[in-house]
Amino acid sequence: GATTSAAASPEDVLNARLKSLTNSSPVMLFMKGVPTAPRCGFSRQAIEMLSGAKIAFGTFDILTDEDVRQGLKKYSDWPTYP
């Protein structure tokens, strides 16, 4: 059987980080930029919709972390971001 003492693979470490990020807020928006300065129109629209509906949400700027940006596509089975 598998041993529990084996070091986690880089993918396992990234997946644990992604799980932690996605669970850090009831609604988590992975966006380009930050809420006060979105870097694309889709991110701006997502912020406007969530804010307009008075939905509490967390954000993560995917432009600041390429591992998260690429890994989340596989983790979430979603090819792109707002």
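## Exercises on a predicted fold

Lys 54 lies in the loop between α2 and β4. Helices (H or I, at least four residues) and strands (E, at least two) are DSSP runs, numbered from the N terminus. The model is predicted, so local features need pLDDT of at least 70 and side-chain atom pairs count only at pLDDT 80 or more, while totals for chains, interfaces and linings use all residues. Residues are numbered from 1 along each chain as its sequence is written, and side-chain values use heavy atoms, with hydrogens and water left out.

### Exercise A: positive phi

Solution. Lys 54 follows α2. Next comes accessibility, where buried means under 20% relative accessible area, exposed over 50%, and partly exposed in between (1.4 Å probe, protein chains only). Asp 77 sits in the segment after α3 and, because its relative accessible area is 67%, is exposed.

Solution. The arc is taken over the directions from the helix axis to the C-beta atoms.

Leu 14, Leu 18 and Leu 21 of α1 are buried. They span an arc of only 60° around the axis, so they lie on the same side of α1. Their cover includes β1, β4 and α3.

### Exercise C: strand β1 and its neighbour

Task: Determine which residues of β1 are buried on each side, and how β1 and β4 run.

Solution. Begin with a rule: in a regular strand the side chains alternate between the two faces of the sheet. In β1, Met 28 and Phe 30 are on one side, Leu 29 and Met 31 are on the other, and all are buried. Now take the pairing, which requires that DSSP finds at least two bridges between two strands. β1 and β4 run parallel and are joined by 4 bridges. Leu 29 has Thr 59 in β4 as its bridge partner.

The rings come last. Rings of Phe, Tyr and Trp (its six-membered ring) pair if their centres lie within 6.5 Å; planes under 30 degrees apart count as stacked, over 60 as edge-to-face and the rest as tilted. By this rule there is 1 aromatic pair. Phe 30 and Phe 60 form it, tilted, at 6.0 Å centre to centre with 50° between the planes. The pair links distant parts of the chain, since Phe 30 is in β1 (residues 28-31) and Phe 60 in β4, 30 residues apart. Phe 30 and Phe 60 are both buried.

### Exercise D: side chains that contact the backbone

Task: Find which backbone atoms lie within reach of the side chain of Ser 25, and which one lies 3.0 Å from that of Asp 65.

Solution. A polar contact is a pair of N or O atoms within 3.5 Å; within protein, one must be able to donate a hydrogen and the other to accept it, and residues adjacent in sequence count only if both atoms are side-chain atoms. Ser 25 is in the loop between α1 and β1 and, because its relative accessibility is 13%, counts as buried. A polar atom of its side chain lies 3.1 Å from the backbone oxygen of Val 27. The backbone nitrogen of Gly 58 is 3.2 Å from a polar atom of the Ser 25 side chain.

Asp 65 is in the loop between β4 (58-61) and α3 (66-76). Its relative accessible area is 15%, so Asp 65 is buried. A polar atom of the Asp 65 side chain lies 3.0 Å from the backbone nitrogen of Val 68. Not counting residues up to four places away in sequence, Asp 65 touches Arg 17 and Phe 60.

Terms used: Contact = heavy atoms within 4.5 Å.
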